[in-house]
Amino acid sequence: MGPPRQRQLEIVSVKWGEMNPTIAVREALTWVTECMGFGIVVCPLDGLLTVVTELHHHDTDSSNRIYSRIAAPSITPYLYSVFPRKSMSVLCIAAHPDDEVLGVGGTLARHAADGDDVHICILSDGVTSRYDDSDAADKEIKQRRQRAEQAADTLGATVSLHGFPDNSFDTVPLLDIVQVIETEIEEHDPDVVYTHHYGDLNIDHELACRATITATRPLADSEVDRVLAFETLSASEWSVPSPDNAFQPTSFVDVSDHLATKTDALSVYETELREPPHPRTVDTVEKNAEVWGSKAGVPAAEPFELLREVRR
Ligand SMILES: [Zn+2]
């Protein structure tokens, strides 16, 4: 989490000379706030920072400004309280309903709780390859869509579902999948994109990752800062192990406060859950988060492999 992107913080040095430090700080602040709307001045005598901001952005009357003098080490939390973090737009590209919860549910819930806009794009209804009878398939698709909406609602996200054939993404042109993801990116303008890992056993997961990497390629007008691959239990760890496809996380998100929301959302997909020792159980999901958390020094974590990051 960096400083707010919309604001440019500036440090101004003031030659104190014979001037009373209080007056010098005031004069420096006046100059800084007239230029920037807010200001920070460090008083070298006591090491304190003086921060000024406007109480109401539309009201430039100086009486409405807040002046605070604070100890230097506390500047970062103070600034975040005065200039809240810019909310992000987050997009999750998942192959099937339930992948989004298994892989990144805690992190999405955390984004939503932080005030970020969270959208989930699910590429397949996850049903079509299982049925020959189209009436039964239609009914199941409808139920899957309802569950996906309920799960997204639980996480604090919105969701859109597409109709690519389940377990058969390799039967459609990759470009078709890329174009759907490009349309989602155009609509949601995400800062961060989460998707499957390229090494997953499931062919749809592998191609969802490939299509996402293509759709988020760093063109001059792209605003996607980060693309991260999540782990999907029963797909990421079931690949033939090789250095080329191993899930090797480089980034961890503390989801301790959001694990319950994740398991609530997972319970919506009860028909996709299995009996132990299958990895797709609520108990395993919780234990897995604890194990990853222990590797990252937090109670519970979701792991990610950073696929691309662009700092502008
Ligand atoms: Zn899947």
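Reader: Is the crossing of α5 with α6 left-handed or right-handed?

Author: The model is predicted, and local features require pLDDT of at least 70, side-chain atom pairs pLDDT 80 or more, while totals for chains, interfaces and linings use all residues. Residue numbers start from 1 along each chain as its sequence is written. Helices are DSSP runs of H or I with at least four residues, numbered from the N terminus. A crossing is left-handed if the near helix is turned anticlockwise from the far one by less than a right angle and right-handed if clockwise; that of α5 past α6 is right-handed.

Reader: How is α5 oriented relative to α6?

Author: Axes are lines fitted to C-alpha atoms over the stretch in contact, with angles from 0 to 180 degrees between N-to-C directions. Those of α5 (residues 174-188) and α6 (residues 203-215) come within 8 Å and cross at roughly 55 degrees. Angles under 35 degrees are roughly parallel, over 145 roughly antiparallel, 65 to 115 roughly perpendicular and the rest oblique, so α5 is oblique to α6.

Reader: Which residues of α6 make the contact with α5?

Author: Contact requires C-beta atoms, placed from the backbone, within 7 Å. From α5 come L174, I177, V178, I181, E182 and I185. Their partners on α6 are L207, R210, A211, T212, T214 and A215.

Reader: Which residues does C92 touch?

Author: C92 is among the residues with the most contacts inside the largest nonpolar core, together with L108 and L155. Leaving aside residues up to four places away in sequence, C92 touches E100, V104, L108, I120, C121 and Y194.

Note on methods. Core = buried A, V, L, I, M, F, W, Y, C linked by C-beta atoms within 7 Å. Buried ≥ 20, exposed ≤ 12 C-beta atoms within 10 Å, placed from the backbone. Contact = placed C-beta atoms within 7 Å. Helix = DSSP H or I, 4+ residues; strand = E, 2+ residues; numbered from the N terminus.
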